[in-house]
Amino acid sequence: MSKMVKLIALDLDGTLLNEDNYISDKNLDAIKFAQTNGVEVVVATGRAHFDVQSIFKDTGLQTWIIGANGATIHQPNGELFQSVPINRNEALNILGWLEQEGFYYEVFSNDSIITPQNGRELLAIEMDRVTSGNPDVSIEQLKHAAEKQYSQTGFSFIHSSKDLTGTGMDFYNILAFSFDEDKLKRGKAHFKGTTDLTIVSSAKHNFELEHQNASKGIALNILASKLNIDLKDTAAVGDSYNDLSMLRVAGRSAAMGNAPDEIKKSCHEVTLPNVEDGVAHFINSLIHGTKI
Ligand code: CA
């Protein structure tokens, strides 16, 4: 293993996971090899930690988990190490606005992904409208994106955001999802100037809101310092805009082959795409000290 790298932070979707949300054997072997050699492997994702644990269930993997785009950090044994929730009243206002604008949304609490009961119906209607108005849009691709969203673990359904008033829950991540590009743009623009929020995007059809002090980069910084590891001795791998904060602070950064050009340009190197075990390829290049 390359002398310098003591911690590797890995994004999940589009990075460690293949298109069917699995971790390939090659990637799994590479991670376990790195761990055996004393490298701290950290997962850094927009997903909720309990959803990550469900993905890890049959893999035998135990890692630190930076979840909800940095709003939570969980220890390898599953215990919460740190969290940065969104101000509760502000979160409820945001959900009220998303409802009023007809957005499908999800909000992550400690143990569930809360979403309105009519959300999937809303998305089905959008999908029909977008595909009937534009023959170039692939309905299969949109269906796949929706299915991926619904395949998360831990959903709980509400009638409206008013159901959450006075519950005392912590809210870590609010995800808005739409197949309508203009609507998505309007949503992003609406929240853009809000100084106490971080707004990022992890995929084509969404934007996500967290507390201003929550990002993958901030969480990586906190975790590295907790583990007494210098940031220059860390590496990070990702494929999207919600990874930029950690790709910028890591000592070595690799973009996935499937990442947009803007992400690739922000990284030290580019590895193979997720469907070609890009994570294993990167880890192996560290082990053998070769440049990609
Ligand atoms: Ca990703």
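Trainee: How many salt bridges does the count come to?

Mentor: This is a predicted model, in which local features need pLDDT of at least 70 and side-chain atom pairs count only at pLDDT 80 or more, while totals for chains, interfaces and linings use all residues. Residues are numbered from 1 along each chain as its sequence is written, and side-chain values use heavy atoms, with hydrogens and water left out. A salt bridge is a side-chain nitrogen of Lys or Arg within 4 Å of a carboxyl oxygen of Asp or Glu. By this rule the count is 11.

Trainee: Which residues are joined with Asp-13 into one network of salt bridges?

Mentor: Asp-13 pairs with Arg-47 at 2.7 Å, N to O. Asp-13 lies in helix 1 and Arg-47 in the loop between strand 2 and helix 3, so this pair ties together parts 34 residues apart in sequence; helices (H or I, at least four residues) and strands (E, at least two) are DSSP runs, numbered from the N terminus. Asp-13 also forms a salt bridge with Lys-148, the closest N and O atoms being 2.5 Å apart, and Lys-148 is in helix 6 (residues 139-150), 135 residues away from Asp-13. Through shared partners, the network joins Asp-13 with Arg-47, Asp-51 and Lys-148.

Trainee: Is Arg-47 buried or exposed?

Mentor: Buried means under 20% relative accessible area, exposed over 50%, and partly exposed in between (1.4 Å probe, protein chains only). Lys-148, at 28% relative accessibility, counts as partly exposed. Arg-47 has 7% relative accessibility, so Arg-47 counts as buried.

Trainee: Which residues coordinate the calcium ion?

Mentor: Donors are N, O and S atoms within 2.8 Å of the metal (3.2 Å for Na, K and Ca); water is not among the atoms, so sites may look incomplete. The donors follow the spacing D-x1-D-x225-D along the chain. Asp-13 in helix 1 and Asp-239 in the loop between strand 12 (234-238) and helix 9 (244-249) are 226 residues apart. At 2.3 Å, the calcium ion is coordinated by Asp-11 (OD), Asp-13 (O) and Asp-239 (OD).

Trainee: Which side chain of opposite charge is nearest to Glu-106, and how far away is it?

Mentor: Glu-106 lies in strand 6 (residues 104-108). For charge, Lys and Arg count as positive and Asp and Glu as negative; His and the chain ends are not counted. Glu-106 is buried and has no salt bridge. The nearest side chain of opposite charge is that of Arg-120, at 6.4 Å.

Trainee: Which side chain makes a polar contact of 3.2 Å with that of Glu-106?

Mentor: A polar contact is a pair of N or O atoms within 3.5 Å; within protein, one must be able to donate a hydrogen and the other to accept it, and residues adjacent in sequence count only if both atoms are side-chain atoms. Contact in general means heavy atoms within 4.5 Å. Not counting residues up to four places away in sequence, Glu-106 touches several residues, among them Ile-113, Phe-155 and Asn-173. The side chain in the 3.2 Å polar contact is that of Gln-149.

Trainee: How many of the eight residues of helix 3 are buried?

Mentor: The buried residues of helix 3 are His-49, Phe-50, Asp-51, Val-52, Ile-55 and Phe-56. They pack against helix 1, strand 2 (40-44), strand 3 (64-67), strand 4 (72-74) and strand 7 (113-116). Helix 3 (residues 49-56) is largely enclosed by the rest of the structure, because the buried number is six of the eight.

Trainee: Which residue forms a salt bridge with Arg-252?

Mentor: Arg-252, at 23% relative accessibility, counts as partly exposed. The closest N and O atoms of this pair are 3.1 Å apart, and the partner of Arg-252 is Glu-269. Arg-252 lies in strand 13 (residues 252-255) and its partner in strand 14, so parts 17 residues apart in sequence are tied together.

Trainee: Which backbone nitrogen lies 2.9 Å from a polar atom of the side chain of His-268?

Mentor: His-268 is in the loop between helix 10 (261-265) and strand 14. At 54% relative accessibility, His-268 counts as exposed. The backbone nitrogen at 2.9 Å belongs to Ser-253.
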